[in-house]
Amino acid sequence: NHAATPCYESRRDLAIAYQQIARLELRKNTPQGVAKAEEWCQKALPLYEENHQANPCYESRRGLSIIYLRLGDIAREKQTPQGDAEAKAWYLRMVEVDEQNLHISPSYESRRDLAIDYQRLGDLARRKNTPEGNAEAERYYQEAMDFYRQNYESNPFYESRRDLSIIYLRLGDLARDQQTPQGDAEANGWYLKMLEVDQQNLHVNPSYESRRDLAIDYQRLGDLARRKNTPEGNAEAERHYREAMGFYQQNYASNPTYESRRDLGIIWQRLADLARRKNTPEGNAEAEQWYLKMLEVDLQNHQSNPTYESRRDLAITYQRLGDLARDRQTPEGTAEAAQRYRDVLSIYEQNHQSNPSYGSRRDLSIVCQRLGDLARRQQTPEGYDEAEMWYQKMLALDEQNYRENPCTESRNDLAFTYGRLAMLARYRGTPESWAEAEEWTQKRLALLSE
């Protein structure tokens, strides 16, 4: 039909169909899926370009903007500096056409399109995990917020409030990333603004989405309170987490799905981690009950939808149960922890095989650290040899991540591994191992001073 009548509408309809297939491919969450999604979007791109060339108008520019957005998002999924650079180029092309549309037709829709562009650019800049990247992200988020505010002032309703809430969340998270009392205070201000608009939305439209938005607000406020690391902060965090849990439980009762189960699992993890902080047998027993509830929903999700994400959720729960068993500091606890960590390792290896990426390597490195630390605690030559094997695996993973994506996080991960190898060498207690420990320590200091 397209070949027979190559008109504006048929090209647009075919391009939309290609995008729909691309979205399905992307949901597979595999490198192959990402590559296929990119192929389909690249097929849609010339159709939109042809339409714009034939009829350069608001709608044809908007079609271009949407395909640029899709291609940018796909490039970002690659999780590499090259992918991020490619994504930024697509997003800047998107800004260019959306600015033209805003100039010609300043409306709610054209302002919202441009705000989404700036939001994407902000998310990309934040991923650099550097002070410069965070400053760039803040500039983009502020640009987006200005457009969202204009929309809310001209049309105060559910969607315009929700847009404001989402950008407040971004600005709050960015402030929290500073990891300073001032940053936390600023983050708290943004989260309270977010809470205010989401409470309005729940009041006018009590729905699954509005309850979920409000639960996320309380979860963020709980995370912030927990960072105070004081009894008062922990009590405040627990109150916020229980508020969030109440909304998540309502959502699950009304709509028991993968997402609603996953939300419950995440908030139970927060409550468990908080209980563990008490450093008491009662706190650990409480934590274990929450982790076992997590395990139940994670197993359901993995059985119903065996994906990278559901496997990772299950691995995190096993890892938490392993940490709890390890902290008992008994032979039985150590054996249980080792088994849990090996379950985690198996899942992360499966994820890495299906999608070898920065994130999958980082997950593997973390569980290798757990297994290495557990072996080191044996304080025997055999235990030290096993620990070194795990730490060397960590080293290879962290070196690759730092080489391919040299950011603050990957540098800190690599420095941490150097520190583990230095500590292990000191534990061996020979003149040769002391010299080796000094070498690792020097490498660590040199890396951190870069």
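D213 is found in helix α9, which spans residues 208–226, where helices are DSSP runs (H or I) of at least four residues, numbered from the N terminus. This is a predicted model in which local features need pLDDT of at least 70 and side-chain atom pairs count only at pLDDT 80 or more, while totals for chains, interfaces and linings use all residues. Residues are numbered from 1 along each chain as its sequence is written, and side-chain values use heavy atoms, with hydrogens and water left out.

D213 has a relative accessible area of 11% and is therefore buried (under 20% relative accessible area, with a 1.4 Å probe and protein chains only). Setting aside residues up to four places away in sequence, D213 touches Y158, R162 and D198, contact being heavy atoms within 4.5 Å. The side chains of D213 and R162 are also joined by a polar contact of 2.6 Å (a pair of N or O atoms within 3.5 Å, one able to donate a hydrogen and the other to accept it).

Beyond its neighbours within four places in sequence, Y68 is in contact with L45, W90, R93, M94 and V97.

## Where α6 meets α8

In α6, the residues E138, Q142, M145, R149 and Y152 meet E186, W190, K193 and Q200 of α8.

Conventions: Helices (H or I, at least four residues) and strands (E, at least two) are DSSP runs, numbered from the N terminus. Buried means under 20% relative accessible area, exposed over 50%, partly exposed in between (1.4 Å probe, protein chains only).
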